[in-house]
Structure formats: C-alpha cells, structure tokens
Amino acid sequence: MSGKNLNTERRKNVWIFVVCAIALIYLIQLFNIQILNPDYGIKGDGNAFLKRTRYPARGAIYDRNNKLMVSTQPSYDVMVTMREMRPDFDTVAFCKAVNISVERFKYRMAEIKNPKKNPGYSTYTPQTFITQLGNQEYGVLNEKLYQFSGFEIQNRTARKYTNPYAALLLGYVAEADKKDIEKDAYYQRGDYIGKTGVERSYENVLRGEKGVEILLRDSHGRIQGAYNNGQDDVESVPGKNITLSIDMDLQAYGEALMQNKLGTIIMIEPKTGEILCMVSSPTYDPADLVGRQFSENFARLATNPYKPLINRALNGTYPPGSTFKTTQGLTFLQEGIISPETAYSCYHGWPLGNGRPACHGHPSPLSLVQAVGMSCNAYFSWGLKAMLDNKKYGSVQAAMDKWRDYMVAQGFGYPLGVDVPGEKRGMIPNSSYYDKVYKGRWNAFTVISIAIGQGEVTLSPIQICNLAATIANRGYFYTPHAVKAIQDTVLDTLYTHPHYTGIDAKNYETIAAGMRWAVAGAGGTCHVANISDITVCGKTGTAQNSGKDHSIFMGFAPMDDPKAAVLVFVENGGFGATYAVPIGRLMLQKYLKGEIPPSDQALETRIKNSVILRNVIQKK
Amino acid sequence: MSYRKNSLLKRPDWLTIAIYLILVITGWFSIYSAASTYDATSGGSFFDLQGRAGMQMLWIWISLAVGFSLLMIECNWYEVFATWIYMLIMGVLLLTIFIAPNIKGSHSWLVLGPIRFQPAELAKFATALMVAKCMSAYQFDLLKMRNFTTVISMIFLPMLLILMQNETGSALVFLSFFFVLYREGLPGAILLCGISAILFFVLNVRFANVFWGQTTVGECLVLALIILFSWGFLYNHPKHREHLKYMVYALLGMLLVSAIVDWWLPVFDWCWTLNIYIALMSVYLLVLFVYYRSYNYLWIALFALGAIAFSYSVDYVYDEVLQAHQKTRIDVALGMIEDPNGAGYNVIQSKIAIGSGGLTGKGFMRGTQTKLKYVPEQDTDFIFCTIGEEKGFVGATVVLLLFVGLILRLIYLAERQSSAFHRIYGYIVAGILFFHILVNIGMVIGIMPVIGIPLPFFSYGGSSLLSFTILLFIFLCFDASREYK
C-alpha cells in the first residue's frame, strides 16, 4: 500500500494548486467589485439612503422704512410614494379631502407615472402630487392622512405680500425650470427660484441653503429611521432678509397715479443712488403669482397686450427727447465749444438747417441757461455742429467719438448695473456706426437730431433718471440700486462708490440753473412743477414716436440740497407738460412733504382718473 | 502502533485551532451585525438568547465543548465504530424524509421541541469516517471495480437520501469526496470525465440557442471538445501514435469536403460532419482495440460514444428532469437571463453589498445593505456579504485567506499522518471545507450559481457549526495522537 502512495503523493500538489487558483480567482473578483467598479457603491447608496430635502424659509423683504413687504407663509405639497400605496386605497375619500375630482386624480397619477413628463420617476421616492395645498384642504387632509398610506405632506413655504404693489420690482418666485437646473446644480426639480426682479438678482441671498435629512430605507421601501442618528443630516439655513431702498408709500402712490396709463416713474436719492420708487405701469398684484393659481394668472398676464410683465423702467428704450439737451450743454461747456454766455439765434427752427429741427416760439438769441429752460432746439443744434466741425478734433469722426465718450461717461449706452434684472443698454451712436450707415459720407447736418435727443439716440428710463441724479449731484452718480441693506452682508461696492462723469461741477451748476429756469423762469417749459416752498429743477421731454408722443419729465429737488431725482415717462402722453410734469410734481411733494397739499388734490384726482391706453389690436 | 494515551497531554495542532477560533468569532460578530437592525439601540443585547446572535453564541459554546471533548477522548474507536455510525445516520436520514415537516419545500429538519436540527449535516462526518475506513482497509485498491463501486455507493447513498429531502445544496457537497478519491489514486481520466460532463452540460445549455447558420453552437463546441479529449487520451498512450496522425488527417479531409458541400447546400449543419467523424473514429478505435488487444482504445471509444450520448441527453435532463427554479438558477448563473428582481436579485444585491464595502468597509454594524435587508439570507448563506460590506476588500481577503490557510494546513496535516485512515479522513475534511467555500463564496460574489450551502463556521445555524466542529476536531484528535516515527 505504501508503494502505491508514492505514486499518488504528488497529487496533493495538484490540489494545492487548485485551491490556490480558486482563491486567486475569487480575490480578483472581490478586487473587481469592491475596488475597481464604483457602480456597486453608488447602487448601494441608492438602495439604502433616502435623501429628503429640508427647505429653508426664504428671506423677507422690507422697504426703506422697515415696513414688511414680502414674507413667507407655510404651504403644503402633497407627495405620493407609489410603492407604499395599498390596494385598498380609498380614492373617493382622498379626492374629497383635497377637493379635487376623481378624473383629476387619475390624470395626475398617470402624469406622475409617465416617464416623459416626469423623468425622475421612481416608485420608491415621493412624487409631488399637488403643490401648495390650500389651508382648508391641508387641515382636512392632515387629519385623515393616516388613511391614505403612501401619501404625505411636505412642508414648504410660499411668498406672502403685505401690499399689492411693486410687483415688477420685486419679481416672482416659481418652480425652477430645466434651464435653471442645468445652470446651477443647487436646484432640483420642485425647487423654487426667483424668476424676475429683486427675487432673481438677490436669489442667492434670499434662498438660504437647503438642508438634507438622510433616512434609511429598507428593501421593502419602508423608512427605518435616520442614518447615523442624524449626524450627517444638514440643517437648512434660512435665507437672509433684505431691505429695499424703496419707499412703500411712495411706490403705492406712484402706482395709483399711473393707473390706466402706460409708463414709468422712477425716483432716486442722488446722494446714495438708492431707488426710492420704481413704478412701471401696467402692473399686477404680486399675490396673483403665488400658489395654485400661478399658471392661470401667469398665462393671463403673459398674453395681455399691454405687457404687464415687462418692467418699463429698465426694459424700455426710448428717444430721450429734450431731456437729453442737458447732456449736450454739459459736453459743449466742458469741451470749451461754448461758454455759459454763448448765445445762439433761433427762428422757429435752426437757421442753418433751413428751420430744421423746428422750434417753438421764444425770444432769440438765447444763452445756455435760457436755452435749457425754454428747450430751444436750435441752440443745441448750433452747439453740436460747432463741436463736430471743430478743427481741434481733426475729423468729424474723431469729434463724434469724443462726443460718444462724454455720453458713456454720463451713464448712457451701456446698462448701468442696476440690481434689478432686465436692464436695456439703449443706443449711443459712434463714428463707425455712422460710417457704416452713411458709407462714410456724413457730417454734422446728417446727425444733428441727436443733439435734441431724437434720431439714433435711445435711453432707458432709469438712465434718464440717473441723469437727473447726476445733475443734482453736480457731476457724479452712484449706480442706482433697489437694495439698501442685506442682513449680515456688506453691500456690493458697485453701489457704494461714486462714478464721476469727468465734467466740472461749475458746468453742472449752469445746467441746473437752466433746469431751474424751466420750472420757475420766464418761458420755462415746466411751470407746472413749480412748488412754492421747494426749489424744483426740471426738464421736460417729448419723445417722438409712431403713435402719440411720449411725455417725459425729469427733475430733482431741492435745487441746492437735492433729496430726490425723478423721472416720469408716460407713453403717448403728448407734450411733457401734459402728464409727466404734473405727475412729477405730485411725486416730489409726496416724497419731500409726505403729503399732498389741499391745493393739489384736484390735480391728483384728475391724474388718477385720466386714461391713456394705446389702442392695441389684440392678437387672437 | 503505540498511540499516546491521556489526551490532555496530546499535542493538538494549535495553528488549526487558532484559525478555527478566529473564523468562529468573526462569524459570530458578522451574525450579530447582520441580525440586528440598523439602529443599534433597538437591537438585542450581545448575549440575548432570543436573538440570533445569542443563539449562535450558545451553539458556539456547545461546539467548543464538543470539540475539546473530542480532543480529549480516545480516538481509536472511530475506526471501529465507523460502520455503525454510518448506518445509524443513514437510518436517520431515511427517517427524516418521512417525518420532517415541510420548511420552505425542504424535508430536512428534525424538530425536537425548541431545537431544530439537520441530520444531513451529520451525514458528512459519518460518511467521511465510513469512506476513510473502507479505503484504508488492507488490500483495498481503488482501481478494482468492486472496491471502487463500494466507495462510490457509500458516497452516493447519503447524497441520494439528502436529494430526496429536497436539499440539493447539501447533497452536492458529497461531490467533494472526489477530492480524496483523486488523492488516493482515482485515475485522472475519471475525474476528467466528470469535469467534461459538467463542461458539456454548461456548453450545451448556454449555447443551445446560438447558431452559426444552421449549426447549433453549443452542440458543435461539445462535439469538437469530445474529439479533442479523445485525441488527448490517444496522445497520452504513446504506443502507435501514427494512428493519431491518421485521425487528424481524416478530420481535416472531412472538414474540407463539408466546406464544399456547405458551399452548395446552404442548410448544411456542421454537427453532421463531427458526429459522423466521431462514429468513424470510434469504429477505428475498436478495430485498434481488437488488433492490439489494448483496452485503452476501448475506453477511449467508450468515452467518445458516451460523451455523445450524454450531450444529447442534456437537453432532455434540462427540460424534463430539472425543476423550474433550478433551471432559472442555472440560466441566471450562465448569464442567459438578466432578472434583477427575480432569481438574479439575491446575487445582484449581494454583489452590491460587497462592492459597496470598498477597500476598508463601512465599519462594524454600519453596513447599510445588510442591515436594511437588501441581501436575503444574510446571516446564513449570504453571511459573507456582511464581511464584504462592513470590512471591505481587506476584511474579505483576510477571511478568504484564513479559509485557504485552513485547507492547506489540513492537507499538510493529512499528509503527515502515518495511518491511511487518518490521512483519508483528513483529506475528506479538507475537501468538504473546500467545496463549501468554493460554492458559497463563489455564489455570493456572483461566480457560481445560487446553491444554498452554508459558509463553514460563519453561517448562522447550530447543525452546521456543530457538524463542521465535529468533522474538524475528530481529525485534530487523530493528528494529535499520531504515531511519531
């Protein structure tokens, strides 16, 4: 027997080899699934962890006098986890509780299960069934919730508005769409995001930080409690409150004056650049774009031919008309083209242009102060021709570009950087623009209408108001901004550093005197703005337009210690004096005096009651 | 023969005992972790008898007591009583089929009051003793047909009885006895036949529905392998190698003819060629057998013909004999069906659990997949998942290497026995452990089909732990009292 063993003893090596080979194969497989392939770990986490978002409360918004404008209110989303629904689910009772029809219930269920409409669908995770449940339905459902296995209530917050004003300035909040989610990984389906206005520009401040609660889910989809005793959960951080520079009462008053009219009122505190009010008409009640009626109301507003969702203060660009003459006077003075004493003649128009641009009846010749006060078209045509033809620039192109630089320095041609989104840049032409349009064959006569704010020049209302603030400051401006303070945060330096235009203060004094003449001087164009105890400076404008002219007033007061700059723009309001000036007068009184004196109450009533709505053919 | 008496003074192999203890204790911690819920505060106390961990602790103490008792008692009597033990256990197995209650379709549990026990577990050590005794008998020769049949019957009897209890996994364990048969001189050809059988089965089933033109890929591959194996046998039989050359030429010629026929006849099946070739080859081998009077040619011919018969009966077995769940398991294991929620669920989840452990694991009691019951049978057959998830690649490797170390140590110990009975018994123990580890860990990491057998010393369950302990410690007792030369 031992002899035979000698033959087979070698066979133990075969077995040792086989055992080691198998062990090696298994180790390779272990290495493969544990180290090389990350899928298993990801799948494991997907199995076990249910990450439930903790939504922060959005920051509140106050006005400059710390009056609450926007706050949050509890809101309830109804969520459903399909896998946890029992076969004995009482659809009828559920529909009754949340006040929807059974058809609606079936429709929503089908919608949720449709992977095309709901790409992230899973039977394991809660899906939004109803958003922003009404308070009453919440009460009923909450009481009976135990009957409806699979359904739960997710606490959210919704916007609550103290007053129905400033909708376009504040903006609205809505569910983040695909674009928002692609742009910023912070957002997920069902999250809310500020879409327009301050809500959008201060979204990162207002939204706070979402938290997360990590729950453990077993193989049957049941929640087995917190992961790691909640140690890895993240609390949500509530959004920061912001204080607007807006005066709520002033804003409300402006909106009242602008009712049934199209246009905008902007007031800026020149010393800080703070926007005191930003009225854009027509507007809407911000509460309309909250909650379940959002889509219905949004569709109504979006199809309204007067475009109530557009903030005209920023979004519209118009020829600035005569208000632009102030910028011309400043440029010519600074460039030494004219002196304050320079006088030009006018015979119902510019003599060199054969009476074009035409002008209205006034004494001739006029000095600069008078020309601003009486809004002489000829004066500024003379001035622009003198500048463009001046040999010191070498060519008309060089002169034109110099002119353009002055305009840009005064805040035109580019967005100012206002902290409310939607600002348009407007148009300041330069020499290459004209070279292109006129194929290099142009001169002062070709472009002369820009001297009086017509032609190629367009500004946005906020740029015109900023011009008034710059003149009030005699040469500098702060970028206009609507947010005065952010909780625990220092305001962007953009809003706390002055921008100098490079034009001397003494030249501004001359223009300010001209604007004072317009209000109080002989033949001035905006006598209506003359308030007995306030030294108002102003300038009217009439922007030509395909329909009836737009009526513009820009001004500031008091003259020597300006507290407010104002811009009123009434679309199709006719001459500046007709609508814009009286509205400016009322706004200045409201802000500076806090009330409207009895003598002006008739005017106030007339303005409030007048209706100027462009005839719009509504598209079917 | 002078065995040392007084067993406390015997010198047991402490290395094996150390590995055993480490495995049992690690196993207990894994069960404790797998059986408790994620929130540790709601889990039972470590020694709560109500919980599975507590029960397992009790079994560990019982096993240790039994194990060390076995070390201390005289071990001559095993050889004497092996036949009686074997017959007793076979009787119990037979009885179990009729009196055991139906637990998940299996009739393998004996219920005695609060204790449930699987006699199939004891059959391992009883059969081990029996086979060892039989094979170590004087003048035993495995190559003698009578002896060979006796041993094979001893192995197949418990296998059959356990199959009748519907415990396929435990029955398959008895295949591990071939481990020792090979060591003791079973011709490699027989083992090769066995391996070919498995290989042919897998190929046939796996590629039954894959075609090259009119040719079934599975069948074609099997026929090709039969030819190659036959040639291999011929090559190993160095006389008259020129005949092998003729056979190769013959096949090449036939393939050439087939290619021409295939060109004209688009519905040609290449299996025809191979079948005809094997038939002709067998006839040729029979002629050689008659001419040279060498039985080797007969065996090779029989192998070729038998293999063809086997491969054509596979379809029948697969379709008619196997039960639906067994077919599904085979299909999933062979990657023929992908079914994450059905039969493949267990394996997918166990791979996720192990894979999510990474290099160093999630930490004791911190495995989410096992805690949240994603892995089924996680404290019994799938216990290795807990190690993989909570201790990571490092832990899984250590456990695997401990098992390998134990098996290699047992082979070493077996080889140093002077008594054939002891050596054969030792090999059987190593073989049984190897088979369990091969199948269990292979299943958990997705290499083997799902066959429900426990991981030795790890899986929850008293019968399994106790039977492995008895199996191992009897051998340690043999080793400790071995005769020193």
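This is a predicted model: local features need pLDDT of at least 70, side-chain atom pairs count only at pLDDT 80 or more; totals for chains, interfaces and linings use all residues.
Chain B has a mean pLDDT of 84, with 92% of its residues at 70 or more.

| Stretch of chain B | pLDDT | Contacts beyond near neighbours in sequence |
|---|---|---|
| residues 1-9 | below 50 | 13 contacts |
| residues 40-44 | below 50 | nine contacts |

Residues are in contact if their C-beta atoms, placed from the backbone, lie within 7 Å.

Numbering of residues starts from 1 along each chain as its sequence is written, and chains are lettered from A in the order in which they are written. Local features need pLDDT of at least 70 and side-chain atom pairs 80 or more, while totals for chains, interfaces and linings use all residues.

For the complex, the predictor gives an ipTM of 0.84 and a pTM of 0.67. Between the chains, 32 residues of chain A are in contact with 40 residues of chain B. On the chain A side, α2(A) supplies the largest share, 16 residues.

Within chain B, the axes of α8(B) (residues 188-206) and α9(B) (residues 217-236) come within 7 Å and cross at roughly 155 degrees. The two helices are therefore roughly antiparallel (angles over 145 degrees). Among the residues making this contact are Phe200(B) and Leu203(B) of α8(B) and Leu221(B) and Phe229(B) of α9(B).

Notes: Two residues are in contact if their C-beta atoms, placed from the backbone, lie within 7 Å. Helices (H or I, at least four residues) and strands (E, at least two) are DSSP runs, numbered from the N terminus. pLDDT is the predictor's confidence in each residue, from 0 to 100. Axes are lines fitted to C-alpha atoms, for helices over the stretch in contact, and angles run from 0 to 180 degrees between N-to-C directions. Angles under 35 degrees count as roughly parallel, over 145 as roughly antiparallel, 65 to 115 as roughly perpendicular and the rest as oblique.
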